[in-house]
Amino acid sequence: IRDRHIDSGETIGVIGGTGEGKSTLVSLIPRFYDPLSGTVKVDGRDVREYTLENLRSGVSMVLQNGSLFSGTIADNLRWADPNATLAQMQAACAIARADEYIDRFPDGYETVLEQNAANLSGGQRQRLALARALLHDSSIYIFDEATSNIDVESENDIMAGIHRLAGRKTVILISHRLANVTKADNIYVLDHGHLAGQGTHEALLAQGGLYADLWNRQQALENYGKGAQ
């Protein structure tokens, strides 16, 4: 993707099949990788001009298998903001729907997590990783399949909370479920490593092509699932 600009406060969707380079693309922003050609800029400056500390302090990124460490739930959350109060942690966990299970633990936010948070389910780990990212007051939020292990109903609620960041924060969403990006200001469609489409949800549907095909296929599957219930 060349000569593309994301305005501050925009919400961007990135979709495409497995192996299309979606994660690699967004990982260029916090410099987990450097481009072989071209440049990636944040606030008009090449990301290579920033120190890694300064660059990454402005980016919150949640991966599909976000890492958690041994320690309490509060310790994990305060990794994003060492000075976070209990009220701030509770607010972030409410958006990520992590409060639903944390409040059931006898020790609440002082519950000790095992190595790699093995005493949490995959969905619980994702919710906590989301809450931690939201607790970090960043300019850019990147969610890379960050709700893939979460049930659809909770995912819808979480996405509604994420979309409320619109206008105040720059949000980049990678999701296999197109319903999560329909409200994005702009959606990039990747196919075989190339940009196959760009625009709003409505514009891409009108254009037909890969996005419209994926949308129709997913809608048919969801409608089939509802009918089978």
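1. Strand β1 is joined to strand β8 (residues 170-174) by four bridges, and the two run parallel. Strands here are DSSP runs of E with at least two residues, numbered from the N terminus. Two strands pair if DSSP finds at least two bridges between them. One partner in β8 is V171, which bridges to T11.

2. This is a predicted model, where local features need pLDDT of at least 70, side-chain atom pairs count only at pLDDT 80 or more, and totals for chains, interfaces and linings use all residues. Residues are numbered from 1 along each chain as its sequence is written, and side-chain values use heavy atoms, with hydrogens and water left out.

3. β1 also runs parallel to strand β9 (residues 186-191), with five bridges between them. There, N186 of β9 stands opposite I12.

4. How covered is β1? Mostly: this strand spans residues 11-16, and five of its six residues are buried. Buried means under 20% relative accessible area, exposed over 50%, partly exposed in between (1.4 Å probe, protein chains only).

5. The whole structure holds two aromatic pairs. Y101 and F105 form an edge-to-face pair, because their ring centres are 5.7 Å apart and their planes meet at 70 degrees. Rings of Phe, Tyr and Trp (its six-membered ring) pair if their centres lie within 6.5 Å; planes under 30 degrees apart count as stacked, over 60 as edge-to-face and the rest as tilted. Y101 is buried, at 3% relative accessible area. F105 is partly exposed, at 24%.

6. Y141 and F143 are stacked, because their planes are at 5 degrees, with ring centres 6.3 Å apart. Y141 is buried at 2%, and F143 is buried at 1%.
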